[in-house]
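Subject: Structure handover

Hello,

Please find the structure below. My notes on helix and sheet packing follow it.

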Amino acid sequence: MSVTAPKGFAAAGIAAGIKQSSAPDLALVHNQGPRRAAAGVFTSNRVKAAPVLWSEQAVRGGEIAAVVLNSGGANACTGPRGFQDTHATAERAAEILSARGDDVGAGQIAVASTGLIGEFLPMDKLLPGIATAAAALSEHGGEKAAIAIKTTDTVHKTAVATGPGGAWTVGGMAKGAGMLAPGLATMLVVLTTDADVPADVLDTALRAATRTTFDRVDSDGCMSTNDTVLLLASGASGTTPEYEPFAESVREVCADLARQLIGDAEGASKDIRIEVVGAADEDDAVEVGRSIARNNLLKCAIHGEDPNWGRVLSAIGTTGAVFEPDRLGVAINGVWVCRYGSIGEDRDQVDMRFREVRVTADLAAGDASAVIWANDLTADYVHENSAYSS
């Protein structure tokens with residue numbers, strides 16, 4: 001599983017002392033080639049962390065030899081010093097890998113950080129930690145790397161998919177449990193593949209995958225400053241796949257990781273699958289799904305196992321989507337509690353005891369559809385985020 005499932009990759013996860021808890025907090029993923037193609041997508045938040053600004057530049061070159069990831073500090077809103085610290089991280093990683101026989105420049109190192117916004121990273125611990133991580137690099141180190149990037153995550157998240165006949169593999173790891181909103185969830189994700197694929201094809205496949213997976217996870221309506229999703233190709237399988245099956249493998253891994261993110265959302269007791277059908281176009285379906293996902297009254301009702309469908313209609317009505325109010329329908333766990341914008345089947349028929357709750361909204365305006373994943377709003381979420389920085 002994870003980023004070392006494909007051939008040509010090594011990884012490590014260590015405790016560098018960035019976190020006061022002494023938990024693992026620094027990961028290194030090394031693409032050993034022979035190809036080093038890369039693509040990335042990043043937060044659409046206009047306030048971007050220093051490592052996002054750095055990695056956006058690095059990915060433009062189409063080659064990434066390694067990724068340094070830290071938890072325990074976001075290095076966001078830290079001004080010129082924060083960017084200098086990111087640069088120093090990339091330079092140190094390039095220096096260490098080059099000393100190990102891999103000719104790497106700082107511009108081929110991506111950097112990703114996660115944690116509290118508005119504080120400087122302890123570089124006296126992070127930089128020596130890179131050397132420790134490099135010494136621990138292993139083709140079996142994917143799980144340790146996934147553990148090292150956790151913040152409020154309760155579990156580490158990994159996924160893998162293989163091409164037809166096992167001709168190639170796509171692996172991945174992710175962190176994320178809060179600030180999950182479209183425009184990418186608050187996540188660090190590294191995807192790897194041993195397929196022999198150029199950077200432009202990686203970019204196309206990655207953007208197609210994130211559009212219908214990570215961009216459709218919405219936990220709390222808050223968008224991060226640090227979202228980073230990278231896809232690296234080593235070419236070590238020697239196989240150049242057809243685009244469609246390769247893109248589907250990338251999408252499969254992204255979908256798996258996105259589902260794990262919502263399943264580990266901070267304080268959540270319910271995972272909510274919101275499917276909007278009968279939309280005039282996909283954009284309308286997504287807009288309505290996001291509005292439903294961000295309706296705090298509905299999220300509270302679902303936490304209390306109350307099938308309050310009126311809150312779904314209320315959320316739909318705030319959008320610019322095409323619909324007629326007297327044609328709307330809502331089902332909760334398969335029971336059509338609302339038909340034609342009014343009372344439908346008896347809400348007492350809805351069974352909401354289980355973790356997954358399915359909400360279907362029918363706009364009766366066309367044939368387009370979309371699925372958004374969300375979670376309920378709980379007292380545990382409020383408690384965890386009320387004292388996050390203290």
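Helix α6 (residues 243–263) lies across β6, β7, β8 and β9, and runs at about 160 degrees to β6. Angles go from 0 to 180 degrees between N-to-C directions, with axes as lines fitted to C-alpha atoms, for helices over the stretch in contact. Helices (H or I, at least four residues) and strands (E, at least two) are DSSP runs numbered from the N terminus.

The model is predicted: local features need pLDDT of at least 70, side-chain atom pairs count only at pLDDT 80 or more, and totals for chains, interfaces and linings use all residues. Residues are numbered from 1 along each chain as its sequence is written, and side-chain values use heavy atoms, with hydrogens and water left out.

The sheet is open, with five strands in the order β3-β9-β8-β7-β6 and mixed pairing; two strands pair if DSSP finds at least two bridges between them. Its edge strands, β3 and β6 (157–162), each pair on one side only. Neighbouring strands are turned by 10 degrees against each other on average, direction ignored. Helix α5 (residues 199–212) packs on this sheet, where it touches β3, β8 (188–193) and β9, and its direction makes about 30 degrees with that of β3. Contact means heavy atoms within 4.5 Å.

Strands β6 and β7 (residues 169–175) run antiparallel and are joined by six bridges. A161 has V170 in β7 as its bridge partner.

Helix α1 (residues 50–60) is largely enclosed by the rest of the structure, because eight of its eleven residues are buried (under 20% relative accessible area, 1.4 Å probe, protein chains only). Its buried residues, W54 among them, pack against β3 (37–42), α2 (79–99), β5 (109–114) and β9 (228–233).

Regards

Notes:
Buried < 20%, exposed > 50% of the residue type's maximum accessible area, 1.4 Å probe, protein only.
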